Amino acid sequence: MSTRPPDDCFDLFVSYAHLDDAQGWVTALVAQIEGEHARFTPTPLRVFFDRDAIRSMDDWELRILKGIRESKLMVAVLSPNYFASDYCRREWAAYVERELAEALPGEGIAPIYVVTHPAFDGSGGPQLDEWLKNLQRRQFLDIRPWWQEGPRALERLDVARRLETLEHHLNDRLERLRQRQASRSTVPEHNRNFVGRRDELQKLRTKLVGGQVGAITAVQGIGGIGKSALAFEYAHAYVDDYAGGRFLVSATGLNDLRAAFAKLAPELEIQFDEREQLDLETQWSRLRRALEGRGRALVVLDNVDDARLLAARQLAQYLPDRQRVHVLATTRLDAERLPGVACLPLDQLKDEEGLALLEKYRRFASEEEWKAALAIVRRLGGHALALELVAVYLWQNPEISYVGYRQRLEGEGLGALNLAAGDPSVELARHPEKFLGRLLEPTLAELAAAELRVVEYAALAPPDSVPLPWLKDLASGDFPELTAPVQPGYPDPWKGLVRRLQGLRLLTASDDARLGRMHRLVQDVVRARLGEGECQVRESRLVDYAYDCSERLAARWGQRDLAWELAPLRDMAYRLIDGGERRGWVQAENIATGLLHTGRLLDVGELRRRSHQLLARR
């Protein structure tokens, strides 16, 4: 069997543990799959099947990873040996990313279950991690009952029928891949540097077709978080459903849905005469007929910045047939301003996704480099654009280590990113704007004065435990309406303000309604916008307020519902102690009893350790 076809492209990559082929089981299995394929088509199945059991990391990178990148589908032979192999895990992870390139999200791997693995089988073993969960969600071929018989089991009629079903599935997916070239698209092609977001892609799919066919959906979040990238990947990943085409419309500055759709006229080969050019209604009628007559189509309205474009009246009048045209928007607008739209809030990349993005540009040469890269991902709060900016910068400057850049980022914060953005050698593939301050400015500029003041105080609070009642009290000094009694039948201005900031993703909710979170880069941008002098004034007020809260908590501990304040007080105490302020030690002592009573012994120990170091310096 040849492992390299003439055109250097494969239909199938076989991922397996070499220990499972000791009796030639996997070799015979692959031969059987090839034989089944030959029964249905004269075109041979091109298979990458690596029989070399001795591998090095360089070998894996140069040969195996190349095979994965050139293969359309994967067969994974599941067993305890498979799940114990680091190489098999790497093959799975590499191909999961490859699935998006092939527009087969969740469908490109065909697992064959040969030997029971307790965790995968749900009958015990360790907690399922993402690797096992991902494969468990897929439809798999179970041939465990016949594995002990050896390769001769493949001669059994019942096994042959199961393999025939598998071959039908593989052939169907290969045929779909061949047919996809017919789907017209003006949406950017698959971005090879796109990572993760599999859960978000599935949620988008559910919102658009799962129970509410053709519902208009918006990806919503702060600038640079990856809204457009996700929309483009959705258009690529689910091309099967859009035989009528996938079309991109820049919605910046538009407030009439008819005008947005009118931009599609050239792509739909429609020309308007002089009379039609003056009549949006007539243009819309022609465009609607053309869109609805093509098979299901996808229209991506990118960067909607005027809520009137997606107002309920416009959606009712000017959306095409919802079963024939799906509309996907990206926006920074508050979700509350889009009442007729199913919004998907988009937040930070997971740690593993951020690491994968960095590693696409440069591998981690050591454990120390990996840890530094993880610290960079966390300091940047998983912000997609910021991580890509750092990745490209380090790629262009190979002499700078991840360890070195982490130290620089911790010292300079947003300044380090701005210097990278200003480097002319750093060019991002899909985003023309590299400066985060400019990306976030439109959102910050549209805030009302009271909203902006709350955001400014939040930017000085601990990012993972922003105490909303503190912000209310601090901002009410300048905006007393925030604490004014609420009249019956009137909305609460404070709750409305918090909902608006959360809708804009400037704040995100936590399990406790009194605590929120703020992206670290948003904090950096807001502080830079505020200026050093104003930052010092506001931070001094926040520190004084937190200290008073710690004294009140120490005096009242034992009363109900006080524990929620421990997290922000602890984080503020850490900040004060690390900044060399003696008051931080006093604040730590004020909350020590509360921390002990709520089981946070490690926090007490760490606060006292740092306090002793502080006092020893005096």
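1. Of the 31 residues that line the second largest pocket, G226, K227, S228, A229 and H431 lie nearest its centre. A pocket here is an open set of points on a 1 Å grid over the protein atoms alone, where a 1.4 Å probe fits, with protein on both sides within 12 Å along at least five of seven lines; lining residues have an atom within 4 Å of a point. Two or more lining residues come from each of α10 (227-237), β8 (297-304), β9 (325-331) and α17 (384-396). Helices (H or I, at least four residues) and strands (E, at least two) are DSSP runs, numbered from the N terminus.

2. This is a predicted model, in which local features need pLDDT of at least 70 and side-chain atom pairs count only at pLDDT 80 or more, while totals for chains, interfaces and linings use all residues. Residues are numbered from 1 along each chain as its sequence is written, and side-chain values use heavy atoms, with hydrogens and water left out.

3. The second largest pocket holds about 660 Å³ of space, a volume being the space filled by probe spheres set on the grid points, which are joined across faces, edges and corners. α10 gives the largest share of its lining, six residues. By class the lining has 13 nonpolar, ten polar and eight charged residues; Ala, Val, Leu, Ile, Met, Phe, Trp, Tyr, Cys and Pro count as nonpolar, Asp, Glu, Lys and Arg as charged, and the others, Gly among them, as polar.

4. Five strands in the order β7-β8-β9-β6-β10 form an open sheet with parallel pairing (two strands pair if DSSP finds at least two bridges between them). The edges are β7 (246-250) and β10 (342-345); each has a single partner strand, so one side of each lacks a neighbour in the sheet. β7 pairs with β8 in the parallel sense over five bridges, and L248 stands opposite V300 in β8.

5. Another open sheet of five strands, also with parallel pairing, runs β2-β1-β3-β4-β5. Its edge strands, β2 (47-48) and β5 (141-142), pair on one side only. Five bridges join β3 (residues 71-78) and β4 (residues 109-113) in the parallel sense, and A76 faces P111 in β4.

6. L482 sits in the loop between α22 (468-475) and α23 (493-503). L482 counts as buried because its relative accessibility is 4% (buried means under 20% relative accessible area, 1.4 Å probe, protein chains only). Beyond its neighbours within four places in sequence, L482 has contacts (heavy atoms within 4.5 Å) with V454, K472, A475, S476, W494 and L497.

Definitions and conventions
Buried means under 20% relative accessible area, exposed over 50%, partly exposed in between (1.4 Å probe, protein chains only).
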